[in-house]
Amino acid sequence: MLRVRPVHFTSRIESWKQFLTALGMVQTEDDGGWQVFDSASGRLALHGADAGSGQDGRTVFAVEVGDVAEFARRTNLSAQEDGTREDGTQAAQPAELVTADHGQACRITAPDGFSFLADKALHGAQCADADPALAVAAVWYTAEPEAAVRTLLHVGARPRPVPDNDETADFTAKNGGILLVRPASGTPRSGLGFEYDGGLEPLQERLTGAGFAASLTEEAFGSTLHVANPDAGSPNAPATLWISQRRPMG
């Protein structure tokens, strides 16, 4: 299995709980400083952070799997079958089993130096009470998008069509959520967004009714809702969060 489940570090957990609830997500885990919310497709974990710290307002790219060891084996096998590098050396094994502070996990390291964890899922099916149109999107910003694409293929992500031929790439995870590769200069980094399969106006009304400023914009390939970030003011947090309208290709 493969499910998108980024981890967001914040000193404002209560504000985030209110925001995610207004989005239509449902809380499924609560361990004080660790809380998990389900959408219809993908999850988001909230992790407590000290206000103003280097973690506060930061999102970490992460996924969930069923069997950590088997996931590592399959990922490395896929990378090996992908062939050799351009310099003729054998492809590296991107997956390694590690012991994190929460237990065993698998760390995936990409050629651009970006790494992320695959954790064992603590519960299975997505919450049936979540808004059926909402999906969680984890974003990988990198100066080497082709390498990021290969890494996501190795972990079992499924490509989906994109509306143009630039270096962007979209993937879905078998058990929920979206993984996006976006070209960007500098050190590779994570981002967070959401996707909505339906009109954004009712969602905008729901968010503003819950006290969150939200503005709707028309962009090249669809509408996007920009919502005031609960972490606004943190040096690690963008001013707004985005929810894009899902417009299937074809």
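These legends describe close-up views of a predicted model. Residues are numbered from 1 along each chain as its sequence is written, and side-chain values use heavy atoms, with hydrogens and water left out. Because the model is predicted, local features need pLDDT of at least 70 and side-chain atom pairs count only at pLDDT 80 or more, while totals for chains, interfaces and linings use all residues.

**View 1. The open sheet of eight strands.** The strand order is β12-β13-β14-β11-β15-β18-β17-β16, and the pairing is mixed. Two strands pair if DSSP finds at least two bridges between them. Helices (H or I, at least four residues) and strands (E, at least two) are DSSP runs, numbered from the N terminus. β12 (158-160) and β16 (214-219) are the edge strands, and each pairs on one side only. From one strand to the next, the twist averages 30°. Axes are lines fitted to C-alpha atoms, for helices over the stretch in contact, and angles run from 0 to 180 degrees between N-to-C directions.

View 2. β12 pairs with strand β13 (residues 169-172) over three bridges, in the antiparallel sense. Look for P159, which stands opposite F171 in β13.

View 3. A hairpin of two residues joins β16 to β17. These two strands pair in the antiparallel sense over six bridges. E219 stands opposite G222 in β17. β17 also pairs with β18, in the antiparallel sense, over five bridges. Here A228 has T240 of β18 as its bridge partner. How much of β17 is buried? Five of its seven residues are, so β17 is largely enclosed by the rest of the structure. Buried means under 20% relative accessible area, exposed over 50%, partly exposed in between (1.4 Å probe, protein chains only).

**View 4. β15 beside β18.** In which sense do β15 and β18 pair, parallel or antiparallel? They pair in the parallel sense, over three bridges. F194 stands opposite I243 in β18.

**View 5. The open sheet of five strands.** This sheet has the order β3-β4-β5-β2-β6, with mixed pairing. β3 (26-30) and β6 (59-60) stand at the edges with a single partner strand each, so one side of each has no neighbour in the sheet. Strand β2 (residues 7-10) pairs with β6 in the antiparallel sense over two bridges. H8 has T59 of β6 as its bridge partner.

**View 6. Helix α1 and the two sheets.** Helix α1 (residues 13-23) lies across β11, β15 (189-196), β17 (222-228) and β18 (240-245). Its direction is at about 35° to β15. α1 also lies across β2, β3, β4 (34-38) and β5 (43-48), running at about 165° to β5. Which residues of α1 are buried? They are I13, W16, K17, F19, L20, A22 and L23. An α-helix has 3.6 residues a turn, so residues three or four places apart point the same way. G24 follows α1, and its phi is positive, near 105°.

**View 7. Where α1 meets α4.** The axes of α1 and α4 come within 9 Å and cross at roughly 150°. The two helices are therefore roughly antiparallel (angles over 145 degrees; under 35 count as roughly parallel, 65 to 115 as roughly perpendicular and the rest as oblique). F19, A22 and L23 of α1 make the contact with L203, R206 and L207 of α4. Contact means heavy atoms within 4.5 Å.

**View 8. D131 in its loop.** D131 is in the loop between β10 (115-120) and β11 (134-142). Is D131 buried or exposed? D131 is buried, with a relative accessible area of 12%. The D131 side chain makes a polar contact with the side chain of R206 (2.9 Å). A polar contact is a pair of N or O atoms within 3.5 Å; within protein, one must be able to donate a hydrogen and the other to accept it, and residues adjacent in sequence count only if both atoms are side-chain atoms. Leaving aside neighbours within four places in sequence, D131 is in contact with L23, G24, A40, Y196 and R206.
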